[in-house]
Amino acid sequence: MHATLATLELRKVQKSFPSVRALKDVSLAAYPGRVHALLGENGAGKSTLIKVASGALQPDGGEILLNGAPVRLTPRTAKSAGIRVLHQERQIALTRSVAENVLLDRPTRGRFGLVTAGGLARAAGERLARVGADLDPHAPAWTLTVAQMQLLELARAVSDDATCIIMDEPTASLHRAEIERLFTVVRQVRDSGIAVVYISHHLDEVMELADDYTVLRDGSEVASGLVSEVTTARLVSHMFGDEVSLRREDVHEGGTRPGDVVIELDRASFGGAVRSVSLAARRGEVLAVTGAVGCGSREVAHLMSGAIKPTSGTVRILGSGRGSRRAAARAGVGFLPADRKREGLLLDRSIVDNALLAENGITRRPLFHPLSATRRAADACRRLAVKLSDVRSPIRGLSGGNQQKVILARWLRVGSEVLILDEPTAGVDIPSKSEIYRLIRQHAVEGRAVVLFSTEYQEIRCVADRVLVMRDGRIAGEIEGENATEHRIFEMELGA
Ligand SMILES: Nc1ncnc2c1ncn2[C@@H]1O[C@H](COP(=O)(O)OP(=O)(O)OP(=O)(O)O)[C@@H](O)[C@H]1O
Ligand SMILES: [Mg+2]
C-alpha cells in the first residue's frame with residue numbers, strides 16, 4: 001500500500017497491567033507526511049499504546065521498528081529518534097518559565113557553553129511562533145490557561161529534529177477557534193514530512209485531518225484502513241459495536257417546568273473579563289453558557305462557584321447574598337472545573353476517595369464506614385460505566401476519560417442544589433457522553449439547577465433548556481434550547 005518505509009511501526013504489541021490486558025497484539029504503522037488516527041472508547045488502550053511507542057512503557061511482547069529496523073525503545077532512544085509525544089496528562093513544570101518549558105527536552109548548554117536567558121527566550125519564541133502561540137517566554141507556566149499550556153506542549157514537540165509526533169487528545173480542552181489553529185499546525189507538520197499519530201474522540205476531526213486509522217477495542221485492534229474509504233458511522237460501529245447517537249430527542253424526555261431561582265448574578269463584573277452580567281438559573285432547568293475564546297464565560301463559571309469574587313455587583317446563592325466558596329459549598333453548589341488535572345483529582349488517592357470527595361467535604365463526616373463508602377463509590381462509577389477493576393486502587397491507573405467520569409460521578413451523587421459544570425465531557429467517548437447527558441437532564445428534572453459551560457455545539461443542543469451566548473464579557477443573547485443550532489449560536493457569538 002505504501003511505497004515508503006514507516007517512520008514508526010508497532011507489530012503485535014502486547015502489554016498487561018496487574019489487573020488488565022491493556023494491549024493484545026496491536027499493530028500500527030505511522031508514515032512520513034501522513035496523519036494516523038488512533039481511535040477507541042475510554043479505556044480501549046490508546047494511551048497505553050502511545051506510551052509503548054515512546055519508550056515510556058516496555059511492551060510484554062511484539063516488535064517496534066524505526067524506519068524498518070527493529071529497536072528496543074527507551075525514553076532516551078525514542079527521543080533521539082525524533083519521536084515526540086503530547087501526552088494526555090499535561091507535562092509542564094508549573095513553576096518554570098514558558099521558555100524553559102518549551103525547551104525542556106533540549107540540552108541546557110549551547111555550543112559555546114551556557115545558554116543565556118535571552119538566547120533561551122529567543123529560541124523558545126521561535127518555536128512558539130511556529131505554532132501560532134503568542135506567549136511571553138518569561139512568564140511562569142502556572143499563569144497560562146489550559147489552551148495555552150496545550151500550545152506550549154505543541155511548541156515543544158514541533159522541534160527541528162522531530163520525525164514522528166504523537167498527540168493524545170490534543171483538542172480535549174481546546175476551544176473551537178483554538179482547534180482550528182491546532183489543525184493548521186498539524187497540517188504544516190504533516191506537510192513537512194513528519195509522521196503524525198492523532199488520538200481523538202471527535203470523529204469529525206478525524207475525518208477532516210487523518211489519512212489512516214486504527215480502531216482499538218478492549219485492547220485489541222478491531223479495524224484499520226484509509227480514512228477516505230470509511231464513513232463516520234462505520235467508525236462508530238467499530239469503536240462501540242453498535243449505533244450510538246447524540247441527539248436531543250434521546251436525552252430530553254418531555255419538558256420540565258423551571259422553578260425558583262437558585263443562583264443568580266446581579267450586574268456582576270470581574271475586572272474587564274465580565275461586565276455587568278445578570279443571569280439566573282432556576283430549579284428544573286439546564287442553563288448553558290457559551291461563547292468564543294475570552295468571552296468571559298469561564299470567569300462567570302468561577303464567579304458562580306465562589307472561586308472568585310465579583311469586583312462589583314453580586315452573586316446570590318439560594319438568595320443568600322453571599323458568594324464565597326464556602327458559602328457556595330454549604331448551600332450545595334457543586335463545581336466541576338474544566339481543568340481536572342489542576343483542580344479536580346487526587347491522582348495518588350483511590351477511586352473511592354476521588355468519587356466521594358465532595359460528599360465527605362459537605363457532610364463533614366470524618367469517619368465513615370469504609371465498606372459502605374466502597375459500595376457507594378462502586379455504585380456511582382457503575383452509573384457512568386467507568387471502566388475499572390477495583391475502586392480501591394489509585395485513580396492514576398484509570399484511563400483519562402474514565403478519570404473524568406469519576407469526577408462527574410462525584411458531583412452527580414451529591415445531589416447539589418446547583419451543579420456548575422465546566423466542559424464536563426472533555427475526553428469522554430460518545431456512549432459515555434450520552435449517558436452523562438441523561439444524568440445531567442435527570443439532575444435538573446428532579447428539581448435542581450444545572451449550569452453548563454460548554455463550547456461544544458452538539459452538547460449544548462442535546463442538553464440545554466436555555467442557552468446564553470457571551471461576547472466581550474457580556475451576555476450577547478439568549479436562545480431556547482431547541483432552537484440552539486450551531487448556526488444560531490455562532491451568529492450570536494460573532495454579534496451578527
Ligand atoms: N498504570 C496503570 N496501571 C493499571 N492499569 C492501567 C494503567 N494504565 C492504564 N491502565 C488500564 O489499561 C486500560 C487502557 O487504558 P488507556 O489509558 O490506554 O485507555 P485509553 O484508550 O487511553 O482511554 P481514554 O480514552 O479514556 O484516555 C484501562 O483499563 C486502564 O485502566
Ligand atoms: Mg487515554
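This is a predicted model: local features need pLDDT of at least 70, side-chain atom pairs count only at pLDDT 80 or more; totals for chains, interfaces and linings use all residues.
Residues are numbered from 1 along each chain as its sequence is written, chains are lettered from A and ligands numbered from 1 in the order in which they are written. Local features need pLDDT of at least 70 and side-chain atom pairs count only at pLDDT 80 or more, while totals for chains, interfaces and linings use all residues; side-chain values use heavy atoms, with hydrogens and water left out.

**View 1. Asp25 in strand S2.** Strand S2 covers residues 20–30 and contains Asp25; strands (E, at least two residues) and helices (H or I, at least four) are DSSP runs numbered from the N terminus. Phi of Asp25 is positive, near 50°. Most residues other than glycine have a negative phi. Asp25 counts as partly exposed because its relative accessibility is 35% (buried is under 20%, exposed over 50%, partly exposed in between; 1.4 Å probe, protein chains only).

**View 2. Ala385 in a loop.** The loop between helix H14 (370–383) and helix H15 (400–414) holds Ala385. Ala385 is not a glycine, yet its phi is positive, about 55°.

**View 3. The open sheet S14-S13-S16.** The 3 strands of this sheet pair in the antiparallel sense; pairing requires at least two DSSP bridges between two strands. Strands S14 (274–282) and S16 (312–317) stand at the edges with a single partner strand each, so one side of each lacks a neighbour in the sheet. Strand S13 (residues 261–270) pairs with S14 over 6 bridges, and Ala268 stands opposite Val277 in S14. Helix H10 (residues 297–305) packs on the sheet and touches S13, S14 and S16 (contact: heavy atoms within 4.5 Å). The direction of H10 makes about 125° with that of S13; axes are lines fitted to C-alpha atoms, for helices over the stretch in contact, and angles run from 0 to 180 degrees between N-to-C directions.
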